[in-house]
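Dear colleague,

Please find below the structure that I am handing over to you. My notes on what was found in it follow directly after.

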Amino acid sequence: MINLICITCPRGCHLTVDEDNDYAVTGNACPRGKVYGYNEVTNPQRVVTSTVRTNSPVEPRCPVKTDGTIPKGKMFEAMEMLNAVTLETPVKAGQIIIENLFDTGVNFITCKSID
């Protein structure tokens, strides 16, 4: 049995996932909790947020994030990829800086425009 706290809404249900019973989830107040508990145990995914270097002396870092979720086990590899990036200004919010991470269809995008 694995105990989790659901993060899909502010309620924070205390979930129990039974690995021996086809990953049955209990403790959820809504169907989203059941999906969260199952996915968190069988294939955890995360949105990654960070910053990357820019060539701007005024704003040397630009916030970035993935535009979807990637496998949790790939987060550190994704961060290493970001360390190799230096953005040339101007930068527009929503600009793709790394495309199709790990063949997931998920991109790293900028979260801020910098002139």
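In these notes a residue is called buried when its relative accessible area is under 20%, exposed when it is over 50%, and partly exposed in between (1.4 Å probe, protein chains only). Please note that this is a predicted model, in which local features need pLDDT of at least 70 and side-chain atom pairs count only at pLDDT 80 or more, while totals for chains, interfaces and linings use all residues. Residues are numbered from 1 along each chain as its sequence is written, and side-chain values use heavy atoms, with hydrogens and water left out.

Salt bridges

Side chains of opposite charge can pair when their charged atoms come close. The criterion used here for a salt bridge is a side-chain nitrogen of Lys or Arg within 4 Å of a carboxyl oxygen of Asp or Glu. Three salt bridges were found in the whole structure.

Lys-74 pairs with Glu-77, with an N to O distance of 3.5 Å. Lys-74 is partly exposed at 30% relative accessibility, and Glu-77 is partly exposed at 38%.

Lys-112 pairs with Glu-59, and their closest N and O atoms are 2.5 Å apart. This pair links distant parts of the chain, 53 residues apart: Lys-112 belongs to the segment after S10, and Glu-59 to the loop between strand S5 (49–54) and strand S6 (61–66). Helices (H or I, at least four residues) and strands (E, at least two) are DSSP runs, numbered from the N terminus. Lys-112 is partly exposed at 35%, as is Glu-59 at 24%.

Glu-40 pairs with Arg-46 at 2.7 Å between the closest N and O atoms. Here Glu-40 is buried, at 14% relative accessible area, whereas Arg-46 is partly exposed at 23%.

Helix H1

Glu-40 also belongs to the buried residues of H1, together with Gly-33, Tyr-36 and Gly-37. Pro-31 and Lys-34, which are exposed, sit on the face of H1 turned away from its buried side.

Cysteines

The search of the whole structure gave zero disulfides, a disulfide being a pair of cysteine sulfur atoms within 2.5 Å. For Cys-6, the closest cysteine sulfur is in Cys-13 at 6.0 Å, which is too far for a bond. For Cys-13, the closest is in Cys-9 at 5.9 Å, again too far for a bond. Cys-6 is buried at 6% relative accessibility, and Cys-13 is buried at 14%.

Asn-107

Asn-107 lies in strand S10 (residues 106–110) and is buried, at 10% relative accessibility. Its side chain reaches the backbone nitrogen of Asn-100 at 2.8 Å. Beyond its neighbours within four places in sequence, Asn-107 is in contact (heavy atoms within 4.5 Å) with Lys-65, Thr-66, Asp-67, Ile-96, Ile-98, Glu-99, Asn-100 and Leu-101.

With kind regards

Notes: A polar contact is a pair of N or O atoms within 3.5 Å; within protein, one must be able to donate a hydrogen and the other to accept it, and residues adjacent in sequence count only if both atoms are side-chain atoms.
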